[in-house]
Structure formats: C-alpha cells, structure tokens
Amino acid sequence: MAGKSLGTDLAKHRPTLPLIRCLELASEAERRELLALLDRPAAEGRAALAPWFERFGALGYARQLAQDYAHRAAERLQALPASPAREALHRVAVLLVDRAQ
C-alpha cells in the first residue's frame, strides 16, 4: 500500500499486500468468503473488503512495511558518497511513505 486508491489493483484482479495479509490471517472459511468478494463488481468489492482490512489491520500492516523498507533504503543510501543523486533517492523514499499516510 503506497497511497493508491483502494481497489485499483483489485479491479484488475491483482492481489494487494492488504488483501494478502487478510488471506494470511483468515481462517479457511474466511478465505473463501474473501475470495468470493473479489468476484463482485469493483466498487461493491472494495466496499465489502474494507471491514476485512480493518479487522485484520491490513492497511496499517502494509503502511508499516512500506515505512520499514523506506527507512532501510535511506540507511543504505548513507553508504554512497553525498551527491544530488543520493539526495534525490532519499527524497523519493521519504515521499513514497509520506504519500501513504
């Protein structure tokens, strides 16, 4: 989850990290129910998935993971010599995470 509108990937039948997280934590019966929601029209499916994302903390999980990756990327950039390119990469990492909030 990087600040995209909920459902863009779902409408194209692309699994998202929040959906994967829900499926990971759900029981077998819940997984079947979640997968059935994906067969609904996009707007209806998005609305039906939102409570599941909330229940399993899936959006917070995806946000935290994005922040962790951005933080690790910023740390690794410090190994490079100071330059406009390094600074630009650092700004990209920060902006991507800020966009998600």
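Contact is taken here to mean heavy atoms within 4.5 Å. The structure is a predicted model, in which local features need pLDDT of at least 70 and side-chain atom pairs count only at pLDDT 80 or more, whereas totals for chains, interfaces and linings use all residues. Residues are numbered from 1 along each chain as its sequence is written, and side-chain values use heavy atoms, with hydrogens and water left out.

Tyr61 lies in helix α5, where helices are DSSP runs of H or I with at least four residues, numbered from the N terminus. When residues up to four places away in sequence are not counted, Tyr61 touches Leu17 and Arg21. At a relative accessibility of 30%, Tyr61 counts as partly exposed, a class that falls between buried (under 20% relative accessible area) and exposed (over 50%), as calculated with a 1.4 Å probe on protein chains only. The C-alpha atoms of Tyr61 and Lys12, which are 49 residues apart along the chain, are separated by 22 Å.

Two packed helices are described by the angle between their axes and the distance between the axes. Axes are lines fitted to C-alpha atoms, for helices over the stretch in contact, and angles run from 0 to 180 degrees between N-to-C directions. Helix α2 (residues 17–25) packs against helix α5 (residues 58–77) at an angle of about 120°, with the axes 8 Å apart. To this contact α2 brings Leu17, Pro18, Arg21 and Cys22, while α5 brings Ala58, Leu59, Tyr61, Ala62 and Leu65. By class, these residues of the contact of α2 with α5 comprise eight nonpolar, no polar and one charged, where Ala, Val, Leu, Ile, Met, Phe, Trp, Tyr, Cys and Pro count as nonpolar, Asp, Glu, Lys and Arg as charged, and the others, Gly among them, as polar.

A further helix pair involves α3 and helix α4 (residues 42–55), whose axes come within 9 Å and cross at roughly 145°. Glu30, Glu33, Leu34 and Leu37 in α3 meet Gly45, Ala48, Leu49, Trp52 and Arg55 in α4. The contact of α3 with α4 has five nonpolar, one polar and three charged residues.

Within α3 (residues 28–37) is Glu30, which is buried, with a relative accessible area of 15%. The side chain of Glu30 makes a polar contact with the side chain of Arg55 at 2.4 Å, a polar contact being a pair of N or O atoms within 3.5 Å, of which, within protein, one must be able to donate a hydrogen and the other to accept it, and residues adjacent in sequence count only if both atoms are side-chain atoms.

Key: Helices (H or I, at least four residues) and strands (E, at least two) are DSSP runs, numbered from the N terminus.
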